Amino acid sequence: MIAVIIRTFIIYCLVIFFIRLMGKRQLGELQPAELVITLLISEIATTPVTDPSLPLANSIIPLMLLVSFEVLNSFLGMKSVKFRNISDGKPITIIRNGKLDRKNLKKLRFTINDVTSALRQKDVFDISQVQYAIVETNGQ
């Protein structure tokens with residue numbers, strides 16, 4: 001029982017450290033790659049806690065690799081616009097001069113209801129009043 005408590009504490013500390021190392025973002029602001037890494041970290045971290053027969057290194061090494069991939073991805077994204085566009089995508093304009101860009105809506109698989117709902121949350125009730133609306137790479 002003591003071993004499980006110690007293993008849980010070690011994994012908890014490592015996951016907190018790794019998440020902080022990856023950077024401070026709110027869940028809604030995560031890029032797709034960051035969200036995947038976060039989900040994988042949580043999945044891998046639970047394995048040694050729930051199965052004490054597995055060596056702790058079986059989780060620590062994959063956790064370190066995943067965090068290394070994310071840090072490398074962030075570093076390359078800061079250094080290269082081309083890489084950032086490939087890994088994170090580009091913002092897409094869905095309203096120009098009060099008119100919906102249906103082609104871009106279709107690309108994003110957004111409905112008009114999705115757009116009007118987002119606009120209402122910003123206290124805008126008429127699409128024609130919007131000069132530009134851009135969907136950022138995090139979906140906002």
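Guide: A helix here is a DSSP run of H or I with at least four residues, numbered from the N terminus. The model is predicted.

Visitor: Which element gives the most to the lining of the largest pocket?

Guide: Helix 6 does, with five residues. Helix 6 spans 112-121, and strand 1 (92-96) and strand 3 (132-135) also supply at least two residues each. The pocket has a volume of about 370 Å³. Its lining counts 16 residues; A118, L119, K122, I134 and Q140 are the closest to the centre.

Visitor: What makes up that lining, by class?

Guide: Eleven residues are nonpolar, three polar and two charged.

Visitor: Why is one side of strand 2 and of strand 3 left without a neighbour in the sheet?

Guide: Three strands form an open sheet in the order 2-1-3, with antiparallel pairing. Strand 2 (99-100) and strand 3 stand at its edges, each with a single partner strand, so one side of each has no neighbour there.

Visitor: How do you know that strand 1 and strand 2 pair?

Guide: Pairing needs at least two bridges. Strand 1 and strand 2 share two, in the antiparallel sense. R96 has K99 of strand 2 as its bridge partner.

Visitor: Why is the contact of D101 with R96 called a salt bridge?

Guide: The cut-off is 4 Å. The closest N and O atoms of D101 and R96 are 3.0 Å apart, so the contact qualifies. A search of the whole structure finds one salt bridge.

Methods: Residues numbered from 1 in each chain as written. Predicted model: local features only at pLDDT ≥ 70, side-chain atom pairs only at ≥ 80, totals over all residues. Heavy atoms only, no water. 1 Å grid on protein atoms, 1.4 Å probe; cavity = no way out; pocket = protein on both sides within 12 Å on 5 of 7 lines; lining within 4 Å. Points joined across faces, edges and corners; volume = space filled by probe spheres on them. Nonpolar A, V, L, I, M, F, W, Y, C, P; charged D, E, K, R; others polar. Salt bridge = Lys/Arg side-chain N within 4 Å of Asp/Glu carboxyl O.
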